[in-house]
Every structure is written in C-alpha cells, then in structure tokens.
Amino acid sequence: MGITERISGGEASTNRKTVMGLRKETIEGILWSLPYLAVFTVFLVWPAVKGLYMSLHTYPNKFDLTETEWVGIQNYVELFQDPVFYNAMEGTLLFVAVSVPALVILGLVMALGVNRDVAGKRTLRAIYFSPYVLTVAVVALVWGQVYSQSYGLINYYLGFVIENPPGWLTSPDLVMGSLAFMTVWWLVGFNFVIFLAARQSIPERLYEAARLDGATGWRAFRDITLPQMRNSVVFVVMVQFILQFQVFAQPYIMTQGGPSNSSDTLVYYLYRSAFSQQQFGYGAAMGYVLVAILILIAVINFKVIGDSNV
Amino acid sequence: MSESTQSQSLRAYLSGDAVRSALLHVFLYGLALLMAVPYLYTISRSFQPNELLRDPRPYWIPPLVGEPITFEHYQYLLNNTLVVEWTINTFIIAGGATILIVAIDSMIAFSLTRLDWPGQGVIMGIILASFMVPYYMNIVPLYQIVSNLGLINSYWGVIMPAAASPLGVFLLYQFFRDIPEEYEEAARLDGFSTFQVYTRIILPLAKPILSALALFMFVYNWNAFLWPLLVLSNETAYTLPIGLVNLYQGNIDTPGLHMAVAILGSLPLFIIYLLFQGQIVRAVQMQGATG
C-alpha cells in the first residue's frame, strides 16, 4: 500500500524493527485485524471446514455427538436418491422462478417511475421500502389472514367476482405462488432503492444527447438506462437468487411444507433432517450441495446477464 | 417545419405528457396504496374482537353496534405472554451484534486500508471469497460449534455468528480506502499514534457510513429468524420473531391476537425506520453500488 508506506517511511520510528524482526506497523496491523479475524475464523471459516468433515460421517448416538462413523460419500449418494430432496428442490425452484423475476422487474418499474417527475417522491419511497424492515414472522402472521380461506381479505372481495375463490395456502398448485407473492411485497423495496440510486446516478446529459438524436422512450431505455444500470441489475439478480433459493421461514411458519409437501424447500428440509431427525451428517451434506447449486447459479447468471450487452 | 405544425406538435406533446403524468401518478400511488393495505388491515383488526374477525366480511371500520373496539388482544399479550421480555432480548441481541460489528469491522477495515503489512491482500481476498458461502449452508456445523462452546440459549450464541458477517468489512474497506491520505499524513506529523489516527481522523470522517451500517445491521439482526430459532430454545430467551411464531402456533384460531402481536413485534423497528429512514436506505444503496 503505497500511501501508508510513504507516510511511515517519513517517520523512522514507525518503521523500526521491533519484536522478532517485525515492523511495528506489521504488528499493529495484525492486532487491529485480530478481533474480526477471530470471530470470522471460529464462526464462519471453521464451520465451513467442519461441515465437510460432518458430511462424510454419521452420528449414530444422538446424545453423544463425539461418536462419529466414517461413511465416505454415502450421505451424498443417499441425498441424490432421496425423493424428498427432489421434491424440495422442485418447490424451491418454483418459488425462485416466480419470486425473482417479479422482485427484479417490479423493483425496476417502481424505481423508473419514482425517478420521473412525480409529486411526493419521499412518501412513495417510504411506503415502497417499508415492508423490508418487517421480520418475516410478522409478514407471515399478517398474510396468513390476508390469504385465509374462511375470513381472508382476498377471498372476500374475490368472492364478488368468481364463485368459490381458491384456498391460497391450501391448494397445492397455488401455495408456492402465494408465498412468492407475499415475499415480493416484503422484499421488493430493497431492489427498488438500489435501482433508484443507480438510475439517479445516470448523467442527464446522456438523455439530452439521445433526445437530439431522436431517441426517446423505449430506445432511450434500451440504449442508455439498461446499460448504465447493468451493474446494479446484475447485483440485484444475484442477491435475489441467493436469498430466495434459501427460502425457509415462509413455508416453516405458514404451511409446514404442505399441503402434501407442495411447499417444501431445500433449507426447510435441511432444517428438518439435521434438527428434527438429528441426521447431522446428512444435513451437512445437503448444505454443501446447496452451495454447489448456488455457485452454479452464480456462474450461469454471470454468463447470461454479466457478459451480454443488455 | 413551418411554425404552425411546430406549435401543433408541441401542443400534442404537452397534452400527451399530462395524460402520461396522470397515469404515472395513478400507477405509483395505486401501488403504494396496495402495498399499504396489509398495514391498515393489521392495525384495524388488532382492535377488533375475535367474533368479528371470524366473519368472512372484513370490517375496515368496525360497526357501531355491540363492542366493536377492544384492547383485549394487547392486554392478553402484555399480561399473559413474555412479549416484553422478548422485546428486551431482541434489543440486547440486535444492539450487541451491531456494536460488535461496527467495532471489529471498522478496526480490520482500518488495518487493511490505512496500515501497511504483508498478507493483508490475502486476508481481504479470503474475506471477499466468504461472500460466496451462503449463510444457511453452515448452520449444521455452526450449531455444533456454538453448542460445544456452551452458547446455546445465550445471547452470545446469536451475536457471535452475526458478527462474522463480511458485509460490514467490505463496505467500510471501500470507504476507508478512499479517504485522502493528506488527513492522516498531517496527523502523523503531529505525532498521532495509530489509535489516535483511528479515533480522531478515520472514525469521525466515516460517521455517516458507520451510522448507516449500524442501522442496517440493527434491523437485519432484529429480524433474523432461522439462527435464533435454533439457538434459543428456552422461551425466556426468545427474540421477538421466534416468540411471535411460537405464540401463533400455540393459538392458531385467535386472529386478533396474531394481528396485535404483529403490531407489537414490528412497532419498535417501525419507529426506528421512521426516524432513520434515510440512513437505512443509504446502507442498502451502498451495497448495490459496490456490487
């Protein structure tokens, strides 16, 4: 780091060799990093390593977890033959397929709308972002009643339009879509404020120049707005893929994976395997498979939206 | 182009603009209203007796017969549940995690950007790479580690894993790196120690980003769900999100209670949001800008 080198170089005392031939600045640097590095190592790096070990073992004694049995890749083999795993994968992918595009597109539309000449930008922003500060438990409690089949808000009004409105959380075909819709309400504000900041940082002169060339509306959007906002679009898509892929609390609180396992998800299954059935090795293996899938998704995302000239 | 056609197209352009602007306002405010519906619904229902709530017809404004408004749900929560204790627990956990995160993240960011020592590049690389580790992948081994450390059912069992998050390090690293060296140079010449440079130069300059990070981390940890659910199995140790869900699952047919607990559970954060909205939004936008 050139900056500090010059500074400390100007002052002989900071560069003096001290303990065991280490410069004072080196010692200081390590000491200042140590508190975070200790927490980081114990609670993030070490579990990642330990997880690999656990995934290659079983724990025959549920009360004494020091008793382990080496099983090699058996946990992984079982996982890939496990119909519950595939069902949970299907549910997760469906949830991601509905929620992520909606979260990204609606967030973008809201940001471009608020960026225009509208009255009360601050009020709109405050309302759009506000559900993001709710805990998922509150979101689930409130939407449980909005969706309720017997006294729910949606079905009461829908009842005027169609006969026998469906059970949003009790129909296997609709449940994932309902959970995704609620999640969009909850989290779209995050994407909205990021897109808004990105849109506001595009220099207005680009649009003026385009207007002189006769490019407005859709063409300005395609040729200026999207390319200029590309980084934030890539960021939001990635973050939402990773987040929504790990969906857990919504089915855990609202449906327990039902009806007939139609709203089961990977993290929920991981949770049940490890913490209800005490299959720690199996749960750890699932954790590793999750990471592999997420890395794959990240790579695909970068290939699809990172390289092409959107 | 003659003058008359020019003014004509201008008029057409203007009127089209007005229509477009009106439609835009209708769309944006309609969306805002739709997004606010669950709030109004929750507030209104939290004050209605359960008999009224089981009626398929929603009462936005309670009917003026019988006893349309009741505080029984709130009274029940305050008298018969641990909702106050849960709020205190959540404050301690979210507050403790926030203080710890701001302290240790700013220290290492300072060390990695303002001090010069071998290996700092490698360390920053490892911290950046850890972004790829999804949080939930670690829960099984992490649970064992926390359990072996004897931290189950303790505040520290929730706080310490939260403090391992690399997000704050990353955000502060970028900010500290861009602070002009002149400030520090002058301070060093005045004989400031490293500690003084950190407390008197860097921290004051970084105040806006530190407060934004702190607020974001507070909100984030207040709302955390899965990890506290695993670590806190004792009812007196619950955070609000865990307590709410337990209460809900134990009283499935009491809609008024669910709404009242939803209000009590989100009120503290909503007040914080109303007061510090700008900084919380800023913290989110910083994440996007670095992406």
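Domain bounds here come from an automatic or database domain assignment. For chain A that assignment gives domain 1 (2-55) and domain 2 (76-306). This is a predicted model: local features need pLDDT of at least 70, side-chain atom pairs count only at pLDDT 80 or more, and totals for chains, interfaces and linings use all residues. Residues are numbered from 1 along each chain as its sequence is written, while chains are lettered from A and ligands numbered from 1 in the order in which they are written.

**Domains of chain A**
- The C-alpha centres of domain 1 and domain 2 of chain A are separated by 39 Å.
- Contact involves 4 residues of domain 1 of chain A and 6 residues of domain 2 of chain A. Two residues are in contact if their C-beta atoms, placed from the backbone, lie within 7 Å.
- On the domain 1 side of chain A, the touching residues are 2 nonpolar, 2 polar and no charged. Ala, Val, Leu, Ile, Met, Phe, Trp, Tyr, Cys and Pro count as nonpolar; Asp, Glu, Lys and Arg count as charged; the others, Gly among them, count as polar.

**Domains of chain B**
- Chain B splits into domain 1 (3-73) and domain 2 (81-290).
- Their C-alpha centres lie 35 Å apart.
- Domain 1 of chain B puts 10 residues into the contact, and domain 2 of chain B puts in 8.
- On the domain 1 side, α1 (3-46) and α2 (50-53) of chain B each supply at least two residues. Helices (H or I, at least four residues) and strands (E, at least two) are DSSP runs, numbered from the N terminus.
- α1(B) gives the most to that side, with 4 residues.
- By class, that side has 3 nonpolar, 5 polar and 2 charged residues.

**Annotated region of chain B**
- An unreviewed UniProt entry places "domain: ABC transmembrane type-1" at residues 87-276 of chain B. UniProt positions use the numbering given here, feature names are shortened, and annotations may be inferred rather than shown by experiment.
- Residues 87-276 of chain B are 76% helix and 0% strand, with end C-alpha atoms 20 Å apart.

**Interface between the chains**
- Chain B contributes 82 residues to the contact, and chain A contributes 85.
- Helix α14 (residues 255-290) of chain B provides the largest share of chain B's side, 15 residues.
- Chain B's side comprises 55 nonpolar, 17 polar and 10 charged residues.

- A:V136, A:A137, A:V138 and A:L141 in α7(A) meet B:P241, B:L244, B:V245 and B:Y248 in α13(B).
- The residues of this contact are 8 nonpolar, no polar and no charged.
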